[in-house]
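Please look over the entry shown below before reading on. The points after it are meant for someone meeting it for the first time.

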Amino acid sequence: YEIVSRDWSSDVCSSDLLANTMRHSDVVLQVVSTIAIEAAIFDTPVVNVSFDGRATVPFVRSARRYAEFTHWDNIRENGAIRDASTPDEMIAHVRKYLDTPELDREARARVANDQCQFLDGRAAERVAGFVCDEVAALGGAAN
């Protein structure tokens, strides 16, 4: 298995590592992260960890607080992840996804489509086309 560390950087090697991790992971464990969107693109199930471990942690420092962030609404409302409030629940969700990886597949597809719109790998082409069109509209060279 691969673990994406907190030393993450956005260089090409890290992007390749992320893509390979998402493609080859059976289940992703995370704490309310946009990594759920990348996982959805690869149809990889996600279990969200919404507990803090053994110590009692104030809500403002707790993993639970992230579930209330607005960027998480679409993912949660679509039912694209399973949320674990306890370690036992986390294990149960992981087992369920390992046994039934197609569980929540339609919800993951909705999230990928809602958040990314295009999944064809042609984003650079679209951006370049937009820039060329804008330059042409300003009286520059036509594309």
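1. Which side chains does a polar contact of 2.8 Å join? The two are Asn78 and Arg110, where a polar contact is a pair of N or O atoms within 3.5 Å, and within protein one must be able to donate a hydrogen and the other to accept it, while residues adjacent in sequence count only if both atoms are side-chain atoms. Asn78 lies in the loop between α3 (73-77) and β3 (82-84), and it counts as buried because its relative accessibility is 14% (buried is under 20% relative accessible area, exposed over 50%, partly exposed in between, with a 1.4 Å probe and protein chains only).

2. This is a predicted model, in which local features need pLDDT of at least 70 and side-chain atom pairs count only at pLDDT 80 or more, whereas totals for chains, interfaces and linings use all residues. Residues are numbered from 1 along each chain as its sequence is written, and side-chain values use heavy atoms, with hydrogens and water left out.

3. The protein chain has six helices and three strands (DSSP runs, numbered from the N terminus: helices are H or I of at least four residues, strands E of at least two), and along the sequence these follow the pattern α-β-α-β-α-β-α-α-α. Of its 143 residues, 28% count as buried.

4. Val135 belongs to helix α6 (residues 123-137), and it counts as partly exposed because its relative accessibility is 39%.
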